[in-house]
Amino acid sequence: MSILIGRETRLVVQGITGREGEFHSLAMQAYGTNIVAGMTPGKGGQTALEGTVPVFDTVAEAVAQTGANASCIFVPAGGAPDAVLEAVAAGLKTIFCITEGIPVLDMIPVVEEVRLAGARLIGPNCPGATSPGRAKVGIIPGSIHREGRVGVVSRSGTLTYEAVQAMTDAGLGQSTCIGIGGDPVIGTQFLDVLQLFREDPETEALVLIGEIGGAAEEEAAVWAAEHLADIPKVAFIAGRTAPEGKRMGHAGAIISGSAGTAASKVTALEAAGFHVAGSPTELPALLRSAGYRG
Amino acid sequence: MKIQEADAKSLLLAQGLPVPPWEVARTPTQARAAAVKFLGDPANATGKVVIKAQVLVGGRGKAGGVKLAASADEAEDVAAQILALEIKGLPVRRVLVGPAAEIVKEYYLSVLLDRSTKRLMFIGSAEGGVEIEQVARENPEAIVYEHVDPLLGLPDYAARELAFKIGFGPHWKAGAAIAKGLLKTMLANDADLVEINPLAVIREHGAQGTPVERLVCLDAKITLDDSALARHPGHEALRDLDAEDPADVEARRFDLTFIKLDGDIGCMVNGAGLAMTTMDLVKRAGGEPANFLDIGGGAKSDRVAAAMRLILEDPNVKAILVNIFGGITRGDEVARGLIEARAQQERDVPMVVRIVGTNAEEAGALLEAARFETAATLDEAAAKAVAAARGTAA
């Protein structure tokens, strides 16, 4: 099994006819993801991805016609919050928003609507998720994965690829890899993903990749200490050398005063039983020494 | 993006908040003219003006950037002194001149993003005028928190509740109205933070010289959401270029995220998390990063060349580490950009390149033909860059 996505995923891509949307949809399809519909207002009735996928004007129509059960959003920042609301209104419960650069005040009411609808939003400003051998949603290169039983959750994009590649090279496959996004307000936090992994019988070890800013790593650590005591778990935190008060690329990666430092996160994770790596390339060996035999 | 006090006050005033009058002066003569106006104001209870340096750093007062003056002559002198200052490396180009307030009581009130709850939150305290972090450490019970409803905002009852909890006494109505006004300012401007410290009860002369007390925003700090600047065309003019490195401006032009640091190893990376990690590994290998630089996703050779120029503009840079994990970004595009940039660069700085992922093989062939030093892993690349900066072999 996997979490969030899998063979049962029937994906609608919002913004499928855009440059990014089309490029990544083709890659998702090539990986084996079942893309059942595309959505671009005004292009209903056309087809996308070399004629293989019908395009609809609205998400509701796409869901009604194709039975889509998850969405991936490649809509520019100005329209992305609305795209999430449309997916929620169409009754979708799993929504990935890849879009970067959405003003934070736009996301606050949107994540509330998602919560009230009992849906799950991953992102925004995230690379998506891959369940190796089953499906990938988003922009993570499919080639870095290997099927297996390690759950990976990260706030980053390319840093995740780095860590996953290192694991794959070391023969450690993954159950699901999820990038939750680098913005200050995101739909799904580390804690939410850890809870999902705990319920997944095929996930037997965990990799958490965090970075400076906020307190989501600390909050996840407190929960993990109690509920994930018996599972091998490793972590890496980026930004040990980041200066205070500067946004390090990600809108959410900022140390404010003494809050959000790498040291605080490393301390919290270690106290919760995570083995914290000094470099992402050390994660596979560390996972072995944490007792993972997979 | 942080903005100066005077600009923050303008944004507050535009939303109808009570802010005492002020003028901005760029010269001692302008400061004098402003002082004449406020010294002659019958409402001014202290008979003095305050002159405040407009720089984006904390501790202006301690650095001599905030002073009082009792006459136009003195105001001109004081303004001349402050305008000659450099505070924590930043030149003072403007001063704010206003009536010196007779402060009766100081409060603290701010609205900011609470990331854990994904909501906006007010922080208030009857212990204003000092840093709120200090109050949080020494007297946490003196701080009041109130979340803003993500769909309803701050209804009147919640604003009143907040005002009563903070303890504005007879000024509770004004306190509640100010709370609502701060939220309005935040939403109207896409701010991340609106902070008033102090929010003060001041005493002024009313008609016939009778004392009148009112609650006003004496200082103001606003941070704007960088992601929303495009929809507020006026905000770009509020950018304080002195508070930025000149390289920042150049970086924005090419869609690069660049932050200058103090070390000597220039870094060029795709992706923010990986860029931070690269810096961390340089440090771990015994070196010091000269910058954070994220070339973003899908960078083409011209963006790579611009990134290289930015790194080389820093005279401290003794070696460059390029670390690319190709996903959307194609390794061969980056390699071509590097080759082009090196052909144009005037300064010969050793470079260590690591490119993996999409089109890494093509990149490797290009780099080998151009005799670049390459590395297979991130840790190896960091070690080689540190050795190169020291002029030794890894």
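Asp82(A) and Ala89(A) are exposed, and they sit on one side of helix α3 of chain A. Keep in mind that this is a predicted model.

Which residues of α3(A) are buried? The helix covers residues 80-89, and the buried ones are Ala80(A), Pro81(A), Ala83(A), Val84(A), Ala87(A) and Val88(A). Looking down the axis of α3(A), these buried residues fall within an arc of 160°, so they line one face of the helix.

What do the buried residues of α3(A) pack against? Among their partners in chain A are the strands β1 (11-14), β5 (70-73) and β6 (94-97), along with the helices α2 (59-66) and α4 (104-116). Just after the helix, Gly91(A) takes a positive phi of about 90°.

Now the interface. Here 42 residues of chain B are in contact with 55 residues of chain A. Between them the two chains bury about 3,800 Å², with 60% of that on carbon and sulfur atoms. On the chain B side, Arg115(B), Lys118(B) and Phe325(B) lose the most area to chain A, together 20% of what that side buries.

How many salt bridges does the rule find across this interface? It finds six. Separately, the side chains of Arg247(A) and Asp192(B) meet in a salt bridge, at 2.6 Å from N to O. As for polar contacts, the rule finds 16 residue pairs across the interface. The largest share of the chain B side, ten residues, comes from α8(B). By type, that side divides into 19 nonpolar, ten polar and 13 charged residues.

Note on methods
Residues are numbered from 1 along each chain as its sequence is written. Chains are lettered from A and ligands numbered from 1 in the order in which they are written. This is a predicted model: local features need pLDDT of at least 70, side-chain atom pairs count only at pLDDT 80 or more; totals for chains, interfaces and linings use all residues. Side-chain values use heavy atoms; hydrogens and water are left out. Buried means under 20% relative accessible area, exposed over 50%, partly exposed in between (1.4 Å probe, protein chains only). Helices (H or I, at least four residues) and strands (E, at least two) are DSSP runs, numbered from the N terminus. The arc is that of the directions from the helix axis to the C-beta atoms. Contact means heavy atoms within 4.5 Å. Buried area is the accessible area (1.4 Å probe) that two parts lose on being put together, summed over both. A salt bridge is a side-chain nitrogen of Lys or Arg within 4 Å of a carboxyl oxygen of Asp or Glu. A polar contact is a pair of N or O atoms within 3.5 Å; within protein, one must be able to donate a hydrogen and the other to accept it, and residues adjacent in sequence count only if both atoms are side-chain atoms. Ala, Val, Leu, Ile, Met, Phe, Trp, Tyr, Cys and Pro count as nonpolar, Asp, Glu, Lys and Arg as charged, and the others, Gly among them, as polar.
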